[in-house]
Amino acid sequence: MQIGVHGLVFTGEFDEAGLRAAITGTQQAGFDLLELPLMDPYAFDGALVGRMVDDHGIAMTASLGLDAAHDLSSEDAAVSRKGESLLERAIDVVAEAGGEHLCGVIYSAMQKYMVPPTEAGRAASAAALARLGDRAQAAGVTLSLEIVNRYETNIANTARGGLRFLEQVGHDDVHLHLDTYHMNIEESGMLEPVLDAGDRLRYVHIGESHRGYLGTGSVDFGSFFRGLARVGYDGPVVFESFSSAVVSESLSNTLGIWRNLWDDSADLAAHANRFIRDQLRAVETIALH
Ligand code: MN
């Protein structure tokens with residue numbers, strides 16, 4: 001199992017200096033893995049990132065949320081096709097960087113929809129994801145669809161909704177990505193969705209209810225980590241936190257990061273690394289009971 005951290009804990013800019021700050025911060029906090037937000041896959045230098053993470057002995061993954069102009073679930077075939085092209089490029093650069101996971105809101109735009117999804121839109125997204133699954137599989141990359149709350153997608157807001165959508169996708173290299181921040185808003189609890197997702201769960205985000213320091217909000221982490229142990233989860237577990245102290249124009253505004261919940265990235269990251277490893281160690285011992 002790899003314990004990781006989202007790049008926006010350290011920097012809002014992912015040029016070479018930003019990458020260096022994120023990689024160094026990841027390593028110094030004790031994490032195994034850095035998740036990079038792929039704001040613009042066309043401008044992402046996979047070879048450079050691959051060299052930089054290798055030099056520091058950490059792994060990388062990437063995530064993204066599509067915008068309205070690249071909405072895979074659009075009924076406008078040209079828009080959906082643009083989204084598919086962007087995701088093809090994203091798969092290619094993640095593979096080039098040596099990453100094995102691409103996740104996030106890669107099935108619709110990441111935004112508040114004012115209407116429910118249409119059957120045609122769902123079908124367009126599912127068909128595109130099946131094609132992308134083939135490309136990802138050939139590249140050694142696993143695609144995981146992040147289940148997010150109702151204000152960020154209309155396709156699926158719960159693990160079970162996500163599983164129904166995966167049935168429609170019908171590809172064995174397209175899986176689920178659960179995030180405790182979103183689960184805390186939409187799910188009936190923190191244990192059942194993990195059990196329901198079972199071996200379709202391939203990526204995890206650990207976020208507090210206000211996206212700040214772990215343990216200071218209302219997320220029931222104990223139940224969530226017990227669920228991971230129960231299903232034998234072995235994929236990445238990645239800390240995600242946002243504050244107005246570190247700003248990315250595109251991502252911070254989309255996610256509504258208006259408050260300053262922390263200002264010391266190194267302290268926040270080291271705390272989260274300890275918190276996650278302590279939870280995982282504790283639930284491991286349940287096997288002895
Ligand atoms: Mn997330």
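Predicted model: local features only at pLDDT ≥ 70, side-chain atom pairs only at ≥ 80, totals over all residues.

Biologist: What makes strand β2 (residues 33-37) mostly covered?

Modeller: A residue is called buried when its relative accessible area is under 20%, and five of the five residues of β2 are buried. L33, E35 and P37 point one way from the strand and L34 and L36 the other way, and all are buried.

Biologist: How do you know that β1 (residues 3-6) and β2 pair?

Modeller: Pairing requires at least two bridges between the strands. β1 and β2 have three bridges, in the parallel sense, so the term applies. The bridge partner of H6 in β2 is E35.

Biologist: How many bridges join β2 to β3?

Modeller: Five bridges join these parallel strands, and because at least two are required, they pair as well. Here E35 stands opposite T61 in β3. The chain passes from β2 through helix α2 (residues 46-55) to β3 in a right-handed β-α-β crossover.

Biologist: Why is the unit of β1, helix α1 (residues 16-29) and β2 called right-handed?

Modeller: The word applies because, with the strands pointing away from the viewer, the path from the first strand over the helix to the second runs clockwise. The unit of β1, α1 and β2 is of this right-handed kind.

Biologist: Which residues lie nearest the centre of the largest pocket?

Modeller: They are L64, G65, L66, M110 and L251, out of 29 lining residues. β3 (59-66), β4 (101-109) and α9 (249-255) each give two or more residues to this lining. The pocket has a volume of about 460 Å³, and its lining divides into 13 nonpolar, nine polar and seven charged residues.

Notes:
Residues numbered from 1 in each chain as written. Heavy atoms only, no water. 1 Å grid on protein atoms, 1.4 Å probe; cavity = no way out; pocket = protein on both sides within 12 Å on 5 of 7 lines; lining within 4 Å. Points joined across faces, edges and corners; volume = space filled by probe spheres on them. Helix = DSSP H or I, 4+ residues; strand = E, 2+ residues; numbered from the N terminus. Nonpolar A, V, L, I, M, F, W, Y, C, P; charged D, E, K, R; others polar. Buried < 20%, exposed > 50% of the residue type's maximum accessible area, 1.4 Å probe, protein only.
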